[in-house]
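Take a look at the fold below.

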Amino acid sequence: MIIVTGASRGLGAAIYARLAMHGLRVLGVSRSISEDALGMERCDVGSYNDVRTLSRRIRQCGEPVEGLINAAGVASMNLALMMPPHMTEALVRTNLLGTIHCCQCLTPLMVRRRTGRIINFSTIAVALALKGEAVYAASKAGVEAFSRAFAREVAEFGITVNCIAPGPIRTGLLHGVTDAQIEHIVSQQIIPHEFSPDAVCDLTELLLDRRADAISGQVLHVGGY
């Protein structure tokens with residue numbers, strides 16, 4: 001089983017659909033799901049108790065967990081001096097604490113098998129130190145630092161941990177970002193053009209594959225930096 005958080009929208013939904021299309025058993029996790037959603041569990045990753053409960057349910061079902069993709073995230077473009085406290089807390093709670101909670105509670109399901117893949121999500125906003133995204137970038141910089149250190153902690157169990165840091169990709173997270181702002185960010189990438197969610201899905205599949213056994217503790221930029 002591959003667990004994908006943030007699976008109801010954006011990159012999480014694209015990854016969930018791609019893996020399911022290729023015949024993998026995928027469990028989607030989201031704060032809000034429709035009543036008739038199949039293969040989905042409701043869970044707020046920003047709540048440690050929610051994630052711990054999810055972990056217990058998965059353990060009880062007895063299905064082996066092979067990977068964890070932490071794609072749940074929220075974004076808000078705003079100058080740090082103008083960012084409302086509730087939004088600052090939401091960004092840190094979902095992006096950073098949500099990633100940590102899932103790694104803490106769900107990695108033990110892979111430790112017992114002594115193999116597994118963890119993929120966390122960052123952003124080009126960290127590398128470029130983008131104006132207007134200081135709080136968002138800070139939450140994702142924490143994800144990168146956590147991932148590098150966590151990769152060392154779980155390496156002995158055959159588990160790899162990597163980050164994918166996409167440039168601007170047209171999903172709901174870019175709501176409110178102008179075309180001019182997107183073009184400016186894209187121009188600073190090594191490969192200066194926009195990518196679709198497919199590029200992220202391709203990289204995700206590569207990191208899940210056995211051919212990626214030697215890749216861990218890395219931040220991989222879609223678009224290059």
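Start with threonine 160. Leaving aside residues up to four places away in sequence, threonine 160 touches Gly116, Arg117, Ile118, Ala212, Asp213, Ile215 and Ser216. A contact here means heavy atoms within 4.5 Å. This is a predicted model: local features need pLDDT of at least 70, side-chain atom pairs count only at pLDDT 80 or more, and totals for chains, interfaces and linings use all residues. Residues are numbered from 1 along each chain as its sequence is written, and side-chain values use heavy atoms, with hydrogens and water left out.

Is threonine 160 buried or exposed? Threonine 160 counts as buried because its relative accessibility is 6%. The cut-offs are under 20% relative accessible area for buried and over 50% for exposed, with partly exposed in between (1.4 Å probe, protein chains only).

Threonine 160 belongs to strand S6. Helices (H or I, at least four residues) and strands (E, at least two) are DSSP runs, numbered from the N terminus. S6 covers residues 159-166, and eight of its eight residues are buried. In a regular strand, side chains alternate between the two faces of the sheet. Both faces of S6 are covered. One side carries Ile159, Val161, Cys163 and Ala165, all buried. The other carries Thr160, Asn162, Ile164 and Pro166, also buried.

What are the neighbours of this strand? Strand S5 (residues 116-121) pairs with S6 in the parallel sense, over six bridges. Pairing requires that DSSP find at least two bridges between two strands. Phenylalanine 121 has isoleucine 164 of S6 as its bridge partner. Strand S7 (residues 219-222) also runs parallel to S6, joined by four bridges. There, leucine 220 in S7 stands opposite isoleucine 164.

Now step back to the whole protein. It has eight helices and seven strands. Its radius of gyration is 17 Å, close to the 17 Å that the globule rule gives for 225 residues, so the protein is as compact as a globular protein of that length. That radius is taken over C-alpha atoms, and the rule is 2.2 Å times the number of residues to the power 0.38. The C-alpha atoms fill a box of roughly 50 × 35 × 35 Å along the principal axes.

Of the 225 residues, 48% count as buried. Among contacts between residues at least 6 apart in sequence, 70% join residues at least 24 apart.
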